[in-house]
Amino acid sequence: MIVGVPRECAGGETRAALAPQVAQVLQKAGHEVVIEPGLGDRAGFADAAYAAKQVKVAGSRREVFERAEVLLVVRG
């Protein structure tokens, strides 16, 4: 399954729906994880932290929505 994680767009929201360490757990379970660039910036997780866990950093928000079979968000 492809798990997509877009950045939160609600004003003032600083949380990310997925931390790099949890992304690694999902991948070990056989899932692909793709995130929107800047997903964790406000939560203190750089894109490089996700990339270090072999998470795909998409080229755009649109790509996340197009590829994902399921989305993880803080506020739906």
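This is a predicted model: local features need pLDDT of at least 70, side-chain atom pairs count only at pLDDT 80 or more; totals for chains, interfaces and linings use all residues.
**Notebook: sheet, salt bridges and rings**

I number residues from 1 along each chain as its sequence is written, and side-chain values use heavy atoms, with hydrogens and water left out.

**Entry 1: the sheet**

I took helices (H or I, at least four residues) and strands (E, at least two) as DSSP runs, numbered from the N terminus. Two strands pair if DSSP finds at least two bridges between them. Strands of a sheet pair through backbone hydrogen bonds, either parallel or antiparallel.

I asked in what order the strands of the sheet stand. I found an open sheet of 4 strands in the order β3-β2-β1-β4, with parallel pairing. β3 and β4 are at the edges and have a single partner strand each, so one side of each lacks a neighbour in the sheet.

I then followed the bridges. Strand β1 (residues 2-5) runs parallel to strand β2 (residues 32-35), and 4 bridges join them. Ile2 has Glu32 as its bridge partner in β2. Between β2 and strand β3 (residues 56-57), also a parallel pair, I found 2 bridges. Here the bridge partner of Val34 in β3 is Lys56.

I also traced a β-α-β unit made by β1, helix α1 (residues 20-28) and β2, and recorded it as right-handed. The term means that, with the strands pointing away from the viewer, the path from the first strand over the helix to the second runs clockwise.

**Entry 2: salt bridges**

I counted a salt bridge where a side-chain nitrogen of Lys or Arg lies within 4 Å of a carboxyl oxygen of Asp or Glu. The count comes to 7 salt bridges. For cover, buried means under 20% relative accessible area, exposed over 50%, and partly exposed in between (1.4 Å probe, protein chains only).

Glu13 and Arg15 meet through their side chains at 2.7 Å, N to O. Glu13 is buried because its relative accessibility is 5%, whereas Arg15, at 48%, is partly exposed.

I asked which residue forms a salt bridge with Glu36. The partner is Arg61, with the closest N and O atoms 2.8 Å apart. This pair links distant parts of the chain, 25 residues apart: Glu36 is in the loop between β2 and α2 (47-51), and Arg61 is in helix α3 (residues 61-67). Glu36 counts as buried at 10% relative accessibility, while Arg61 is partly exposed at 31%.

Lys56 and Glu63 form a further salt bridge (3.3 Å, N to O). Salt bridges with shared partners join Glu32, Lys56, Glu63 and Arg67 into one network. Lys56 is partly exposed, with a relative accessible area of 34%.

**Entry 3: aromatic rings**

I paired rings of Phe, Tyr and Trp (its six-membered ring) if their centres lie within 6.5 Å; planes under 30 degrees apart count as stacked, over 60 as edge-to-face and the rest as tilted. I found 1 aromatic pair. The ring centres of Phe45 and Tyr50 are 6.3 Å apart and the planes stand at 80°, so the pair is edge-to-face.
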